[in-house]
Structure formats: C-alpha cells, structure tokens
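We will go stop by stop.

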Amino acid sequence: MTLREGARKLLEEKSVQGVLGYKRGSLPFRTRPYLFRNPQEVEELVFTPFCGTNLARYLLRLPGDFGKVAVVAKGCDSRALTVLVREHQLKRENLYILGVHCPGMVDWRKLAQWKDLKESEVAFEEGTILIRGVPHPLSSFLEASCKRCRYRSPLEYDILLGAEASPFPFEDHLAALWRLPKEKRWEFFAQELSRCIRCYACRNACPMCYCKECFAESHKPLFIHPSPTLRDNFVFHLGRAMHLAGRCVECGACERACPLGIPIATLFLAVAEIVREHFAFEAGASVEAPAPFVTYREDDPNAFIL
Amino acid sequence: MSSPWEPKIVAFLCHWCSYAGADLAGVSRIQYPPNIRVIRVPCSGSVDPLYILKALREGADGVLVSGCHPGDCHYLSGNYFARRKFFVLYELLRFLGLEGRVHFSWVSASEGQRFAEVVTSVVAAVEKLGPSPLAGERKYHDLA
C-alpha cells in the first residue's frame, strides 16, 4: 500500500477526521504541511526528500475537540509524537501514525547554486541525487541533523508504509567541533550567536517548545532583553537547550526554520548527545523510561563538582 | 581613573549547607578573596540553569553554585536533581568553549575552611581566563 492509498482509505472509512501530511509548496522544492480532510484531496499528498517539516508541531495547533487524526511520520516525527504523548500534550488514542521510511531530508538551500533549477530537473536514485542529469552524492545535500540521524524509520506507528530507503554515511559534525581547541569553538559559537536576530522561528518550529509563555518573553522574571545582542542570544539559546535536554528529538526543525541559516541545532544535538551518553536516555525512543531530569542516580557524574 | 580588572563572581549558596559554611568561614576569620557576591537560595536544586545564564548575561565573569554534599540535602534529593542539570549545563558550556567560568561545589555547614579554599580556587580559575566575553557589551540594555 502506498502512502496515498493508506491516507485515502482512512478518510473514506471515516476512521480519522483528517490526515496531516505534506503537499507541494508554491516554490520549487518546498513542501507545506496540509491537513487533508476529504479523500479527493489525497492526490496532492506527497512525500519527497523535501518533507523535513516536523508535523508533530502542527498537531499541537489543532483544536482540542478535533478527534482522531492521522499523521505522516518519519523517524524524528514519531519520536516527537512519543514525547508529546508522554508529556500529555497529545492523546495516543487520538492519533493514527502513518509511518514512512525517511530517505534523508535534502536542504533545499544547497540547491540554490543551480540557477533556475526546476523540480523536474532533480531526481533521486540509490544514495545519489541527479541534478540536470549529473549525479552527486546525496549525503552532501542532507541537512546536518539528518547526517547523524540514528532513527530514520519510525519507532512508533500504526502502519508502516513504503520501502526502507538506502543507507547513507553517518557524519558527525559535533565530533569535529569537539576536536577544535576551546578558543576556536567559542569563536565559532560567538560568531554564529551574534548573527541571530531572535525572530524565535526556531522556537516556534520546535515540536517540544509548546509553553504558553516562554522564558524569552517573560517580563517577571525578566531573563533577557529583547535586543539581539550576543549575551541575550546566548541566554536564549542556552536556556532553550537546557529546556530541551532529554526532550530534543534531533529533527533539525529549528535549523530548517532559521532565516539566517545559523546551525543552531548543533547546541540541541550536543545536549541530546550528553544526555544519551551519560544518562542513557533518548527522547522519544521509549515510552516508559523516566525523563533524565525527573530522576537521578547516586552514581551520576560527580567529577566536575569541586 | 580605572582600577585593575577583578573577577566578579556570583555565588548561589544553599541555605542549609554552603551558606552556613560561608558564615562559618566568616566567623572563624578565614581569609578568602572578596570577589564573590552571594545569593542565598533554599536548595541547590532550586537553582534554575537560567539563573546561571542570566548571571553571565549581567556581566558576571564566573558563577559558583554550591550545595550540600550528596545524601545530606535538607530536602533529601534536591542536590541529586541539581547535579544532573548542572552536569548538562557544564558539558554544554564546555562544548561552547566557555570552560572554567561556571563552577559547582559541595560544601557542608561545618566546612568553613573548605568554603574558603573553593572560593580561592574559583577566583584563581576565573582570573586566569580574564573578563567574560559576554560582559563586554555592558553599556546598553542592562536589566534591573
């Protein structure tokens, strides 16, 4: 069964109120999230390597009485859904997860160097991307978070559709940063954080940032000034990184949303890595394991304390 | 006339152990550098990482958070929870290349001498690093 057939079946049977998926955007290579309500629309449902948007974010915006909804989910989307169910933001019984194998998401910005490129001029084959007939390795066009993805297929689903996509090399840009001397690392982060205009697009795109009032906009207590200076940006991004510890599902939605192209997911991926390494916890991988900050062990790391 | 730079360090001390430890250091007339500004908190577990980040934002060159030894928390497990949060923050700051500015310690109420030693070592570490790179643009937008 293809994704379209699966979605149409659900809508025809009226077992769901809608199917949240992707349809083509108005610009080439862009897709947009869309809630399919009737079976005739399903022809427009697509799933391509340009469907990076984390749909879990959009479920939070549905009215509470919407009823059951089906959602197209890649590995990271399914992890986000699991976390949101754990945190009582979504009800599992109101979800029908249409799992899909992720082919790896292409950063459309990396296609900008080909002028006036049309969608019909790009094709995908086993691990390669064909641009105007010329093959290039797919891995160099992937988004940074996809390059180090460990769960491309969903962990939680009601039905799993499509075929498993070809593997691509695991590329860890965090390890490369860790290898730099600390002065170089700060130079890099200070430069990147200074560029931030604090539009909050990263927060708004994040499936885990659903607080009604964000610390960034709180006036009492006032944590940061609205002006985008390095030190305020520092508090915003590190504060968010701490809030995402043990919750970040490594989808890269923040980085995709950033209008300045700041590799901001690096911070959140680093936190996810720290939590995985030292507290043996992965967000969205298990429903039962307690979140890292609501539990402790007597033999937790202590060497960093004086 | 400007005086030579001295590190400014914000110290969050838990009411039950480290604050009493600092008090003991004081009444015992133990000498330690006067670079810390103490903020008393109920428990190290109540120190939100945002407090530490905000201290750095406001121009602190270093931050010290100190609580009861593991197992001695007045609220039984506050410092165990704190340790997890602090560890993640510590590693994250290390990743950013800001190692050595934020310090954590366990100091009990009877460890006046130890409190003085902790402060001395923290001040020395921050002094070695120089002024905080976040404290540079202090002229504008200072929060109350």
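**Stop 1: where the chains meet.** Across the interface of chain A and chain B, the rule finds two salt bridges. A salt bridge here is a side-chain nitrogen of Lys or Arg within 4 Å of a carboxyl oxygen of Asp or Glu. Select Asp232(A) and Arg57(B): their side chains form a salt bridge, at 2.4 Å from N to O.

Some ground rules before moving on. This is a predicted model, where local features need pLDDT of at least 70 and side-chain atom pairs count only at pLDDT 80 or more, while totals for chains, interfaces and linings use all residues. Residues are numbered from 1 along each chain as its sequence is written, chains are lettered from A and ligands numbered from 1 in the order in which they are written, and side-chain values use heavy atoms, with hydrogens and water left out.

Now show the whole interface. How many residues does each chain bring to the contact? Chain A gives 48 residues and chain B gives 46 residues. Contact means heavy atoms within 4.5 Å. Together the chains bury about 4,500 Å², with 72% of it on carbon and sulfur atoms. Buried area is the accessible area (1.4 Å probe) that two parts lose on being put together, summed over both. Colour Arg231(A), Phe304(A) and Leu306(A): they supply 20% of the area that chain A buries against chain B, more than any other three residues.

**Stop 2: the sheet in chain B.** Switch to cartoon view. Find the open sheet of four strands, in the order β2-β1-β3-β4 of chain B, with parallel pairing. Helices (H or I, at least four residues) and strands (E, at least two) are DSSP runs, numbered from the N terminus. Two strands pair if DSSP finds at least two bridges between them. The edge strands of chain B are β2 (36-41) and β4 (102-106), each pairing on one side only.

Select residues 9-14 of chain B. This is β1(B), and six bridges join it to β2(B). Ala11(B) stands opposite Val38(B).

Next, look at the helices. Helix α1 of chain B (18-27) lies across β1, β2 and β3 (62-67) of chain B, at about 110° to β1(B). Helix α2 of chain B (49-57) lies across β1, β3 and β4 of chain B, at about 150° to β3(B). Axes are lines fitted to C-alpha atoms, for helices over the stretch in contact, and angles run from 0 to 180 degrees between N-to-C directions.

Stop 3: Click Arg37(B), in strand β2 of chain B. Buried means under 20%, exposed over 50%, and partly exposed in between (1.4 Å probe, protein chains only). Then click Asn79(B), in helix α3 (78-96) of chain B. Asn79(B) counts as buried, at 1% relative accessibility. Beyond four places in sequence, Asn79(B) touches residues including Cys43(B), His69(B) and Trp106(B).

**Stop 4: the core.** The largest nonpolar core has 123 residues. Such a core is a set of buried Ala, Val, Leu, Ile, Met, Phe, Trp, Tyr and Cys residues joined through side-chain atoms within 4.5 Å. Select Leu81(A), one of those with the most contacts inside this core. Beyond four places in sequence, Leu81(A) is in contact with residues including Ala56(A), Val71(A) and Leu90(A).
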